[in-house]
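This report describes selected features of one protein chain. Please look over the sequence and the model before reading on.

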Amino acid sequence: MPLPLYLLAMAAFAMGTSEFMLAGLLPDIASDLDVTVGTAGVLTSAFALGMVVGAPLVAAFARNWSRRPSLLGSVLVFAAAHAVGAVTTSFPVLLATRVVAALANAGFLAVALTAAAALVPPDRKGRALSVLLAGTTSAMIAGVPGGSALGTVFGWRATFWAVAALCLPAALGILKGVPAGHREEEATGRPVLRAELAQLTRSRLIVVMLLGALVNAATFGSLTFLAPVVTDSAGLGELWVSVVLVLFGTGSFAGVTLAGRLSDRYPGRVVAVGGPLLLVGWPATAVLATEPVALFVLVFMQGTLSFALGTTLITRVLYEAAAAPGMAGSYATAALNVGAAVGPVIAAATLGAGALGPLWASGLLVAVALLIALPLLTGITESRGGDALR
């Protein structure tokens with residue numbers, strides 16, 4: 001894989017740390033800013049909504065810019081948003097910084113996903129995306145648990161400062177390693193924006209995006225509120241939250257790696273096997289959450305399945321949107337972040353029933369995905385060899 005791909009993964013690590021770190025910080029943020037944990041969970045939804053709106057807008061606005069300044073600007077704005085978030089004492093201001101950071105992250109991913117796919121042969125998009133997304137999953141293994149532990153010892157604000165600092169070497173890597181080729185040159189022969197937006201009327205693309213949104217809603221719904229499951233249901237101390245996040249992150253890294261091997265050639269098989277297993281796994285986690293060993297095993301498995309399925313769906317969006325080379329990355333980013341925005345809201349609404357409510361909600365979301373999306377996918381893909389999503 002080309003060196004610039006790994007530099008993009010470095011930036012994805014910094015941004016991924018921020019995107020997922022709230023799972024271990026929500027109780028402290030809620031206490032410090034005098035809001036409920038459910039209200040603090042809106043920070044995750046706000047970030048995701050910023051990604052949903054920002055990905056297509058930034059991609060459309062910057063489609064004729066060169067990639068290096070687009071990526072560099074996104075990382076620097078992201079760092080600045082975290083510096084402001086680290087010093088504010090106002091929940092609305094913190095919420096606003098999450099939206100700004102999300103817009104920057106959306107701009108980065110919309111360009112980076114397309115850039116990653118363009119750095120490799122057309123039939124290796126899945127492998128390229130697995131390298132890029134390995135930066136995100138590595139954040140879940142090291143950055144997010146480390147941030148959770150840092151927040152436990154020094155307070156949640158220290159974690160925000162750490163993310164801002166992580167952006168600096170990522171920005172330097174982009175400046176030094178990403179080619180400065182002009183988007184005007186890259187855009188030769190590219191369809192006009194209206195033609196690229198028209199791809200959103202294709203039923204196959206819409207169904208893949210729908211499935212991705214539902215699966216990601218299930219993932220973020222439970223991930224956002226894992227801390228109460230660990231401390232309340234399992235009866236473990238706060239530092240065990242970091243351990244559980246490491247397990248989920250390790251599983252997600254395994255899932256992304258698996259998808260990198262399979263998503264280009266066997267996407268239907270990944271969905272057909274991983275979907276039902278993911279469906280069973282969320283309620284099983286709820287039932288066995290009081291048993292720490294079982295909880296640890298299931299968290300790892302759910303991380304693996306969630307990200308194997310999610311990465312495969314990102315890859316399929318890029319394949320299905322091949323006629324929209326300037327906007328395909330934004331479609332994938334927006335679809336998955338619709339789920340990331342909706343999931344925590346649904347999960348927060350179930351907290352009245354206890355800490356396990358989000359796990360049950362995630363199971364329901366996956367069930368909806370399989371009941372609605374998979375039959376549609378099967379029906380519209382029979383002409384392509386019968387392999388779902390192919």
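Met 301 belongs to helix H14, which covers residues 292-320. The model is a predicted one. Met 301 has a relative accessible area of 40%, and this residue counts as partly exposed because the value falls between the 20% limit for buried and the 50% limit for exposed.

Met 301 is also part of a nonpolar surface patch, together with Val 293, Val 297 and Phe 300. The accessible area of these four residues together is about 360 Å².

Phe 300, a member of this patch, is in turn touched by Thr 250. Leaving aside residues up to four places away in sequence, Thr 250 touches Ile 141 as well. Thr 250 sits in helix H12, residues 239-262, and is partly exposed at a relative accessible area of 30%. Its C-alpha atom is 7.8 Å from that of Thr 304, although 54 residues separate Thr 250 and Thr 304 along the chain.

How many salt bridges does the count come to? The count is one. The side chains that form the salt bridge are those of Asp 32 and Arg 157, with an N to O distance of 3.2 Å. This pair joins distant parts of the chain, since Asp 32 lies in helix H1 (residues 3-32) and Arg 157 in helix H7 (residues 156-177). The two residues are 125 positions apart. In general, side chains of opposite charge can pair when their charged atoms come close. Asp 32 is partly exposed, with a relative accessible area of 40%. Arg 157 is partly exposed too, at 21%.

| Residue | Relative accessible area |
|---|---|
| Thr 250 | 30% |
| Asp 32 | 40% |
| Arg 157 | 21% |
| Met 301 | 40% |

The remaining values concern the whole chain. Its secondary structure consists of 16 helices and zero strands. The chain has 390 residues, and 58% of them are buried. The accessible surface of the protein chain is about 14300 Å², and carbon and sulfur atoms contribute 71% of that surface.

Which share of the contacts with a separation of 6 or more comes from residues 24 or more positions apart? Such residues account for 85% of these contacts in the protein chain.

Methods. Residues are numbered from 1 along each chain as its sequence is written. This is a predicted model: local features need pLDDT of at least 70, side-chain atom pairs count only at pLDDT 80 or more; totals for chains, interfaces and linings use all residues. Side-chain values use heavy atoms; hydrogens and water are left out. Helices (H or I, at least four residues) and strands (E, at least two) are DSSP runs, numbered from the N terminus. Buried means under 20% relative accessible area, exposed over 50%, partly exposed in between (1.4 Å probe, protein chains only). Contact means heavy atoms within 4.5 Å. Patches are made of residues with over 30% relative accessible area and no salt bridge: like charges are joined within 9 Å, nonpolar side chains (Val, Leu, Ile, Met, Phe, Trp, Tyr) within 5 Å. Accessible areas come from the Shrake-Rupley method with a 1.4 Å probe; for residues, only the protein chains shown count as cover.
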